[in-house]
Amino acid sequence: MSAHPLPLVLHGAAGRMGREVAAAARDEPGVAIALALDAAGHPDLGRPLVDARGRSGPPDLSCSLSAAPAGAVVIDFSTPAALRALIEALLADPRPLVSGTTGIGPDEESMLDDLACRAPVIHAPNMSVGVAAVRAAAAMLTRALGDGFDVEIVEIHHSAKKDAPSGTALSLARSVAAAAGSGGRLVCRAPTAGPGDGAACGAGAVALAASPRVPGEIGVAVLRGGGVVGDHTVFFLGADERVEVTHRALGRGLFARGAIRAARWLASRPPGRRTIDAVIGIDAG
């Protein structure tokens with residue numbers, strides 16, 4: 001371990017996940033919060049950062065990346081709009097970026113690709129080690145079980161979650177589609193997907209129609225309510241048997257610890273897009 005802690009810049013630091021990352025970073029040796037950023041006009045700007053445990057301390061909340069020290073890794077949990085503004089700043093001052101912001105679209109993906117030409121980048125809708133393992137298991141089961149099984153994914157989140165389906169559910173569906181090798185049709189069974197509108201599932205998706213299930217389609221269903229941190233189940237439904245793979249997040253700290261682990265790993269990498277799977281050694285990365 002280096003004699004000097006790895007400096008972290010927390011973007012979206014005053015948000016729910018930003019405060020979780022702050023708490024994890026304050027408890028973990030070898031890293032230090034060098035800068036805490038949130039939107040201009042935030043009421044806590046200029047005040048010490050309060051973490052998820054209610055601890056208040058340095059650094060003060062700021063809105064400018066200019067004070068970030070050399071060698072810092074940026075950890076982002078914000079909104080798509082805030083992420084776009086952050087990437088614009090990083091394009092002018094390239095630094096490694098670990099982003100867990102969900103609900104991003106093609107514009108943000110393109111900007112992440114542009115930044116990856118200048119700095120190492122990880123964007124993952126879920127920083128959990130367990131979710132990465134479930135994604136790998138779902139791909140393996142898809143190949144092993146073959147065409148005789150229908151695949152449905154169900155995700156549950158708290159009532160305040162803004163995007164539906166979750167980025168994690170979509171990443172699971174895309175892993176299944178890639179493993180199937182047939183370009184399986186992604187079908188949203190999401191409350192935000194109206195008739196004929198596949199936008200909730202992203203490009204290439206279609207919304208649920210009032211018709212029988214089509215062989216080869218991959219369904220993604222959404223439930224919202226209460227304080228559920230995040231549950232995801234991949235169902236493989238055969239004629240006489242069923243296989244289920246489930247991940248349940250019991251607290252948000254696991255995502256914060258995963259982001260810090262990713263930041264440590266990314267700090268020494270050259271420019272390019274990386275994955276959370278590479279961080280934990282599931283792929284060659």
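Q: How do you know how many aromatic pairs the structure holds?
A: Rings of Phe, Tyr and Trp (its six-membered ring) pair if their centres lie within 6.5 Å. The structure holds 0 such pairs. This is a predicted model: local features need pLDDT of at least 70, side-chain atom pairs count only at pLDDT 80 or more, and totals for chains, interfaces and linings use all residues. Residues are numbered from 1 along each chain as its sequence is written, and side-chain values use heavy atoms, with hydrogens and water left out.

Q: Why is the charged end of Arg269 said to sit over the ring of Trp265?
A: The rule asks for NZ of Lys or CZ of Arg within 6 Å of the ring centre and within 35 degrees of the ring normal. The charged end of Arg269 is 4.0 Å from the centre of the Trp265 ring. It therefore counts as sitting over the ring.

Q: What makes the largest nonpolar core a core?
A: Such a core is a set of buried Ala, Val, Leu, Ile, Met, Phe, Trp, Tyr and Cys residues joined through side-chain atoms within 4.5 Å. Buried means under 20% relative accessible area (1.4 Å probe, protein chains only). The largest one has 35 residues, with Leu8, Val98 and Ile260 among those with the most contacts inside it. Its largest share, 8 residues, comes from α6. A second, separate core has 19 residues, including Leu65 and Val121.

Q: Which residues is Val98 in contact with, leaving aside its neighbours within four places in sequence?
A: Contact means heavy atoms within 4.5 Å. The partners of Val98 include Ile75, Met127 and Leu266.

Note on methods
Buried < 20%, exposed > 50% of the residue type's maximum accessible area, 1.4 Å probe, protein only. Helix = DSSP H or I, 4+ residues; strand = E, 2+ residues; numbered from the N terminus. Phe/Tyr/Trp six-rings, centres within 6.5 Å; stacked < 30°, edge-to-face > 60°.
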